[in-house]
Amino acid sequence: NFMSPEGAAKKSGADQEEVEVKMEKTEAEAAFPPTFSVSEIKNKQRRHLMFMKLKQEKRKQKIQLKKKKKKEREALGDKAPPKEVPKTIENQRVYDETTVDPEDEEVRFDEGTDEFSAYFNGLTNPKVLITTSDRPRGRTVKFCEQLATVIPNAHVYYRRGLALKRIIPQCIARNFTYLMVINEDRKVPNGLVLCHLPDGPTAHFKVSSVRLRKEMKRRGKDPTEHFPEVILNNFSTRLGHSIGRLFAALFPQDPQFVGRQVATFHNQRDFIFFRFHRYIFKNEKKVGIQELGPRFTLKLRSLQKGTFDSKFGEYEWVLKRHEMDACRRKFQL
């Protein structure tokens, strides 16, 4: 076939361009293979830069998808499909046979006859003794003093090397209804024993994430002496119900709303988060809250019948980590 010199030149130029494109592609493939991950980049600064770029791209894609879905929902109006509920460990929780309904007659009967019924019927006022392990350090002492400002009618006493079995009869003789012991390890509070007097039960908790008032940002002024309101969240099982009532009985059952103070025990995945707030009504719809402190997290270790007895005490429930924590979606409280 005869081809003019111009046509031959064009063809050779086109072939050269194709070869160059192919070479670029092979180079790009060599540089970024299909299974490329940022962790393969050896240079730390380069790796961090690439990671941040990938993160930004993903975020942009997520925002665009969100906007697109929103437009579709607005266009469809009432015919729009219901919003998807995100999967969380809480809503995928394995059903517990001991889950209780507060309105159940059996539960109401138990509440009317248990150790805490006198508080909720207004026959007894709580009186709490707070003490520590032997020779406490400054942080633990401050934590006890701040707890005493949160719990009305609470008194802080130094331990003086006395055994708990000797302290408990003295507390009962002086009409204390609770004994709270804060244990420490390496100058940090790490445990709490809460003993209800005179007949128990006794709960032992691990304490973590303690933040004193001084360490908190944007905290409010120190709490007043008004009785706070108490909020108990997500104590749904039989054991959780008992622990919730144990905490509720620490506080008087006639809150003084003038003080606008709230103590919250929020149970999430068997961790009990304590927060202490003051609230203010800005208008009919908006409420402002201000954290007063301290804040800490509790994890139940054991629940014992009767008062504290480490040798011969009868335990209602003990945390067995390897058995109970095997399934992430099963909770005890």
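Is arginine 245 buried or exposed, and what is its relative accessible area? In this predicted model, arginine 245 has a relative accessible area of 11% and is buried, because buried residues are those under 20%. The side chain of arginine 245 meets that of aspartate 114 in a salt bridge, with an N to O distance of 2.8 Å.

The chain as a whole contains eight helices and 11 strands. It has 333 residues, 34% of which count as buried. Its accessible surface amounts to about 23,200 Å², and carbon and sulfur atoms contribute 52% of this area. Among contacts with a separation of 6 or more, 64% are between residues 24 or more positions apart.

Helix 3 (residues 105–113) and helix 7 (residues 238–248) pack with their axes coming within 12 Å and crossing at roughly 35 degrees. The crossing of these two helices is right-handed. On the side of helix 3 the contact is made by Glu106, Val107, Asp110 and Glu111, and on the side of helix 7 by Arg238, His241 and Arg245.

The structure holds 10 salt bridges. One of them joins glutamate 106 to arginine 238, with the closest N and O atoms 3.8 Å apart. This pair links distant parts of the chain, since glutamate 106 is in helix 3 and arginine 238 is in helix 7, 132 residues away. Arginine 238 is partly exposed, at a relative accessible area of 33%. Another salt bridge is formed by the side chains of arginine 219 and aspartate 222, at 3.8 Å from N to O. Arginine 219 has 36% relative accessibility and counts as partly exposed.

Proline 126 is found in the loop between helix 4 (117–120) and strand 1 (128–132). With 5% relative accessibility, proline 126 counts as buried. Beyond its neighbours within four places in sequence, proline 126 contacts Tyr119, Asn153, Thr177, Ala249, Leu250, Phe251 and Pro252. The C-alpha atom of proline 126 is 7.4 Å from that of phenylalanine 176, a residue 50 positions away along the chain.

On the surface, Phe281, Val287 and Ile289 form a nonpolar patch with about 330 Å² of accessible area together. Phenylalanine 281 is part of strand 8 (residues 271–281). It counts as exposed, at 56% relative accessibility.

Key:
Residues numbered from 1 in each chain as written. Predicted model: local features only at pLDDT ≥ 70, side-chain atom pairs only at ≥ 80, totals over all residues. Heavy atoms only, no water. Patch = residues over 30% accessible without salt bridge, like charges linked within 9 Å, V, L, I, M, F, W, Y side chains within 5 Å. Areas by Shrake-Rupley, 256 points an atom, 1.4 Å probe, with all protein chains shown as cover. Salt bridge = Lys/Arg side-chain N within 4 Å of Asp/Glu carboxyl O. Helix = DSSP H or I, 4+ residues; strand = E, 2+ residues; numbered from the N terminus. Buried < 20%, exposed > 50% of the residue type's maximum accessible area, 1.4 Å probe, protein only. Contact = heavy atoms within 4.5 Å. Axes fitted to C-alpha atoms, helices over the stretch in contact; angles between N-to-C directions. Left-handed = near helix turned anticlockwise from the far one by under 90°.
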